[in-house]
Amino acid sequence: TPILEIVEYDEKECIEKVRLASECGFKTIMGTKFYLSVLNYCRCNSLRYIPFGFQRSAAEPFQRNAPG
């Protein structure tokens, strides 16, 4: 399964990279901060989304940091 790690932290840049990854045939997206817009795009396009440390952006009501 093709996996792409995105090293972007801006929401706009993240969604652009996820769209490009989808067009190129990647099935799993790793890295980036959690953004609901990225999650929704991934769900609509059957992509697996693994954000870095499972952190949500400051705009999200819940935050779960990685242990440690």
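Predicted model: local features only at pLDDT ≥ 70, side-chain atom pairs only at ≥ 80, totals over all residues.
**Exercise 1. In which loop is T32 found?**

Residues are numbered from 1 along each chain as its sequence is written, and side-chain values use heavy atoms, with hydrogens and water left out.

*Solution.* 
- Step 1: T32 sits in the loop between strand 2 and helix 2. Helices (H or I, at least four residues) and strands (E, at least two) are DSSP runs, numbered from the N terminus.
- Step 2: Look at the backbone. T32 is not a glycine, yet has a positive phi of about 70°. Most residues other than glycine have a negative phi.
- Step 3: Check accessibility. T32 counts as buried because its relative accessible area is 3%; the cut-offs are under 20% for buried, over 50% for exposed and partly exposed in between (1.4 Å probe, protein chains only).

**Exercise 2. Work out which side of helix 1 is buried.**

*Solution.* 
- Step 1: List the buried residues of helix 1: C14, I15, V18 and A21.
- Step 2: These residues cover an arc of only 120° around the axis, so they lie on the same side of helix 1. The arc is that of the directions from the helix axis to the C-beta atoms.
- Step 3: Recall the geometry. An α-helix has 3.6 residues a turn, so residues three or four places apart point the same way.
- Step 4: Turn to the partners. The buried residues pack against strand 1 (3–6), strand 2 and helix 2.
- Step 5: Now view the face turned away from the buried side, which carries the exposed residues K12 and E23.

**Exercise 3. Describe the surroundings of Y41.**

*Solution.* 
- Step 1: Leaving aside neighbours within four places in sequence, Y41 is in contact (heavy atoms within 4.5 Å) with I15, V18, R19, S22 and L47.
- Step 2: Y41 is also among the residues with the most contacts inside the largest nonpolar core, which has 14 residues. Such a core is a set of buried Ala, Val, Leu, Ile, Met, Phe, Trp, Tyr and Cys residues joined through side-chain atoms within 4.5 Å.
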